[in-house]
Amino acid sequence: MAPIITIKDLTKTYASGTPALDAVNLDIETGEIIALLGPNGAGKTTLISAICGMIKISSGTVTVNGFDVEREPRKARAQIGLVPQEIALDIFETVWNSVKMTRGLFGQKPDDAFLEELLKSLSLWDKKDAKNQALSGGMKRRVMIAKALSHEPKVLFLDEPTAGVDVALRRDMWDVVRKLRDRGVTIILTTHYIEEAEEMADRIGVINGGKILLVEDTANLMQSFGRKTLNLSLAAPLDSKPEALCDYDLELSEDKMTLTYAYDTRAERTGITRLITDLAAQGISVRDLESKQSSLEDVFLTLVEETA
């Protein structure tokens, strides 16, 4: 199956000469959730704007469901639903009229049955006659998603979908996104919440300085770049790390009661067994062990630092 979005050698340079995108190549598969991570100014918003036909690209091509965004802008844009970070709703309009109006703006024929099902899927049906101003922040964001989906697009862009949303509503939103993916909608999200990408995305794309550093399956990314730490709780405090253990990547906690050992999961040998043996030889008794996998945040920071 052909990718639903194909980006080839995409560049964008502003009139000031500032490069925002630098030869970006990316294929996005039908029905996947892909998260774009990057620091402020990395090029995430510019990339989304280019795909949505909101800015003129300097060179390269972008196609959405087979339509070139420059040669066939209306057809390409009709494939896309966009939920910006800022909530933009007519506060005096009802939920139902907001969604119905947006569908009409994209030239779709009226279909009340579809809109009813859409609102029900987003837990908005009981709010259909409520004015937008009366809704909570989480519900307003759901209305934004409903508006973006009202014309039945194949692709949905979510720019910081849970910004300003509390933890409970954030997880609720994750469920909504998964259900949309299950319905066949391809979802591209940008987020500052690293755990959000790790929890939801099938693939992670890391962008910095207008360049795509990598695009990888989330699980593979964690396995490839993952480091683990082993916390060794000691039976008695240590004044300092013994000289005999200087070859190990060890840190001693401030209370002198924990040694932390960092090791690479990709290494053929972790060195843990040898470390335990050497600790015992030094008369150091270990009371408990706890291992911890590095987070996606650690991976992200490592990638950005390497290309800084």
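**Entry 1: cysteines**

I began with C52, which is buried at a relative accessible area of 6%; buried here means under 20% relative accessible area, exposed over 50% and partly exposed in between, with a 1.4 Å probe and protein chains only. C246 turned out to be exposed, its relative accessible area being 55%. I then searched the whole structure for disulfides and found zero, a disulfide being a pair of cysteine sulfur atoms within 2.5 Å.

A note on what I am looking at: this is a predicted model, in which local features need pLDDT of at least 70, side-chain atom pairs count only at pLDDT 80 or more, and totals for chains, interfaces and linings use all residues. Residues are numbered from 1 along each chain as its sequence is written, and side-chain values use heavy atoms, with hydrogens and water left out.

**Entry 2: the chain as a whole**

I looked up the secondary structure next and noted ten helices and 14 strands in the protein chain. Both are DSSP runs numbered from the N terminus, helices being H or I with at least four residues and strands E with at least two. Of the 308 residues in the protein chain, 44% count as buried. I also checked the contacts, meaning heavy atoms within 4.5 Å. Among those between residues at least 6 apart in sequence, 68% join residues at least 24 apart.

How many of the eight residues of helix 1 are buried? I found seven in helix 1 (residues 44-51), so this helix is largely enclosed by the rest of the structure. The buried ones are K44, T46, L47, I48, S49, A50 and I51. Just after helix 1, I noted that G53 takes a positive phi of about 75°.

For helix 3, my list of buried residues reads V95, W96, S98, V99, T102 and R103. A reminder to myself: an α-helix has 3.6 residues a turn, so residues three or four places apart point the same way. Which helices do the buried residues of helix 3 pack against? They pack against helix 4 and helix 5. Helix 3 is followed by G107, and the phi of G107 is positive, near 80°.

**Entry 3: salt bridges**

Side chains of opposite charge can pair when their charged atoms come close. I counted a salt bridge wherever a side-chain nitrogen of Lys or Arg lies within 4 Å of a carboxyl oxygen of Asp or Glu. The structure holds twelve of them.

I looked at E32 and R203, whose closest N and O atoms are 2.6 Å apart. E32 sits in the loop between strand 2 (19-28) and strand 3 (33-37), while R203 belongs to strand 9 (residues 203-208), so this pair ties together parts that are 171 residues apart in sequence.

My next pair was D112 and K100, a salt bridge of 3.8 Å from N to O. It links distant parts of the chain, with D112 in helix 4 (residues 112-121) and K100 in helix 3 (residues 95-105), twelve residues apart. D112 is partly exposed at 38% relative accessibility, and K100 is partly exposed at 36%.

K128 and D129 form a salt bridge too, with their closest N and O atoms 3.1 Å apart. K128 counts as partly exposed at 22%, whereas D129 is exposed at 59%. I also found D175, R178 and E199 joined into one network by salt bridges that share partners.

**Entry 4: pockets**

Rolling a probe the size of a water molecule over the atoms shows where empty space is left. On a 1 Å grid over the protein atoms alone, with a 1.4 Å probe, a pocket is an open set of points with protein on both sides within 12 Å along at least five of seven lines, and lining residues have an atom within 4 Å of a point. A volume is the space filled by probe spheres set on the points, which are joined across faces, edges and corners.

The largest pocket has a volume of about 190 Å³. I listed its lining as R77, G81, L82, P84, T102, L105, F106, M144, K147, A148 and H151. Strand 6 (80-83), helix 3 and helix 5 (137-149) are the elements that give two or more residues to this lining. Which element gives the largest share? Helix 5 does, with three residues. The lining divides into six nonpolar, three polar and two charged residues, where Ala, Val, Leu, Ile, Met, Phe, Trp, Tyr, Cys and Pro count as nonpolar, Asp, Glu, Lys and Arg as charged, and the others, Gly among them, as polar.

The second largest pocket has a volume of about 160 Å³. F114, L149, E152, P153, K154, R183, G184 and V185 line the second largest pocket, and I sorted them into four nonpolar, one polar and three charged.
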